[in-house]
Amino acid sequence: MTCRDIDDLMSSAPGNPVHTPDTVEHLVSCEKCRTLISVLHEGGKLAAPPEGQIKRIQARIVETLKPVRPLAPSRFFLFACAIIFLCIVAIGATPFGMNGWGALSTMQRIAVFTTLAASAVLLAISMIGQMVPGSKYAFAPTALPIGILTALTIVLAATFRPHAEPDFVADGLTCMRNGLTYSIPAALLFWLLVRRGAILYPKLIGAAAGGLGGLAGLSVLEINCSNMNVFHILVWHWGVVLISSAAGALLGAAVEFIERWRSQKLS
Amino acid sequence: MQSGEAACTSAGPDIEQLMSRYQQADAGAAAALVATLSPQLHRFFAGQMGSVVEAEDMLQDAWLRIHRARHTYRPGEPLLPWVYAIARRVRVDNYRKRQRITSRERAVEVLPEPAANKAEETRNLPAFEDLVASLPENQREVLTMLKVNELSLEEVARATSSSVGAVKQKAHRAYQRLRSLLDQSQFAQLMPKGVAK
């Protein structure tokens with residue numbers, strides 16, 4: 001048995017359950033492991049809070065105690081997100097027609113919309129998970145928005161080709177404005193939805209809500225816009241997701257600041 | 001590896017049931033939950049901050065937040081990751097608050113050392129708080145949850161929004177660093193710095 005095995009054992013079981021013959025044999029010969037275990041064992045003996053404080057906390061909680069209904073299951077929120085997303089896309093697709101959809105080849109449609117749908121589902125699951133403290137995540141909530149933006153960049157860059165475009169900025173700004181017109185309301189609706197949960201990290205959840213709104217805006221643009229220039233799509237369409245995510249994170253930061261200010265004022 | 005449900009019994013067999021009754025405004029269950037979880041939450045804060053006074057403040061803050069967010073606990077789910085995810089946020093906020101205060105009080109050149117535990121002083125072993133204070137924040141947090149609060153890897157992963165693999169890696173790094181610190185000469189060098197926080 002090695003020190004590494006002792007580490008594995010200490011990590012895999014709570015407390016300090018190092019009692020097997022192999023481990024005892026190692027501990028007899030290894031002073032560092034022995035000392036480490038002794039010190040860690042001391043950690044469990046740290047002082048308890050004063051009895052009076054526990055009583056004060058109990059009194060404060062009991063005096064404001066009211067029944068609450070537990071948060072609805074995650075699938076309910078996922079369904080609500082899907083409804084918001086699809087409604088926004090449908091509303092966005094109606095006034096401007098489906099020129100973009102018509103201009104896309106079958107392969108391009110599959111590549112673009114599969115990526116958009118997968119990204120939206122993953123981001124929605126992550127965002128809903130953040131409503132409940134201690135949720136289990138398949139992907140770290142901090143890394144997911146970055147991963148999605150990267151995946152979108154790769155797919156869009158691989159799916160479209162560059163074309164000459166005389167009014168790159170003017171056309172692009174029109175597209176971005178159209179995209180943001182749909183992404184901002186979508187993000188606000190997602191934000192209202194997630195507010196029902198416990199928002200521990202407002203910036204993170206804001207970025208997720210903004211990103212999801214941005215994906216709705218990007219979907220609208222891919223359906224509406226017939227410009228197939230890869231640079232137009234990467235700058236002005238993809239930019240909608242980036243701006244929405246950043247705006248969501250900023251909104252979250254503002255919420256965090258206000259909460260901190262309130263708590264300082266109260267204390 | 002231990003399952004989340006099995007490990008949840010570390011704080012008592014009925015904490016999930018107590019939580020469900022607390023959601024239904026059962027005052028007895030709320031009081032029992034506070035009494036059951038407060039000592040380990042206090043150890044979580046004290047183990048990382050090295051200050052009992054701060055730990056007491058954070059304990060109060062943690063319960064206020066738990067109370068406000070109690071509707072987000074879903075009956076049947078393990079309770080400890082839920083509680084520790086909230087406690088972790090309280091600790092982060094307190095850490096930032098302390099950073100802000102410290103930055104405003106630069107006039108004090110030497111930071112006061114954490115209150116020494118008399119019982120520890122008489123021993124050859126360094127105090128747990130002093131030793132873990134030298135670890136990076138994320139390793140300290142994982143180590144405290146695993147060894148002080150006796151959470152399972154799965155529970156720590158959920159409370160810290162990371163994977164079991166990432167928790168294991170942080171714990172291993174922490175053990176390695178602690179071993180090197182326990183080498184008396186290195187620890188002796190570390191101690192006069194007032195145990196950097």
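This is a predicted model: local features need pLDDT of at least 70, side-chain atom pairs count only at pLDDT 80 or more; totals for chains, interfaces and linings use all residues.
Residues are numbered from 1 along each chain as its sequence is written, and chains are lettered from A in the order in which they are written. Local features need pLDDT of at least 70 and side-chain atom pairs count only at pLDDT 80 or more, while totals for chains, interfaces and linings use all residues.

**View 1. The largest nonpolar core holds 120 residues.** A nonpolar core is a set of buried Ala, Val, Leu, Ile, Met, Phe, Trp, Tyr and Cys residues joined through C-beta atoms within 7 Å. Look for A:Met127, A:Phe190 and A:Leu212, which have the most contacts inside this core. Helix α10 (residues 202–224) of chain A gives the most, with 12 residues; helices here are DSSP runs (H or I) of at least four residues, numbered from the N terminus. Domain 1 (1–66) and domain 2 (74–266) of chain A both contribute, so the core lies between them; the bounds come from an automatic or database domain assignment.

View 2. Residues are in contact if their C-beta atoms, placed from the backbone, lie within 7 Å.

**View 3. A:Ala249 sits in helix α11 (residues 230–266) of chain A.** A:Ala249 counts as buried because 21 C-beta neighbours lie inside 10 Å; the cut-off for buried is 20 or more other C-beta atoms within 10 Å. Leaving out residues up to four places away in sequence, A:Ala249 touches A:Lys203, A:Gly206, A:Ala207 and A:Gly210.

Methods
A residue is buried if 20 or more other C-beta atoms lie within 10 Å of its own, exposed if 12 or fewer, and partly exposed in between; C-beta atoms are placed from the backbone. Helices (H or I, at least four residues) and strands (E, at least two) are DSSP runs, numbered from the N terminus. Two residues are in contact if their C-beta atoms, placed from the backbone, lie within 7 Å.
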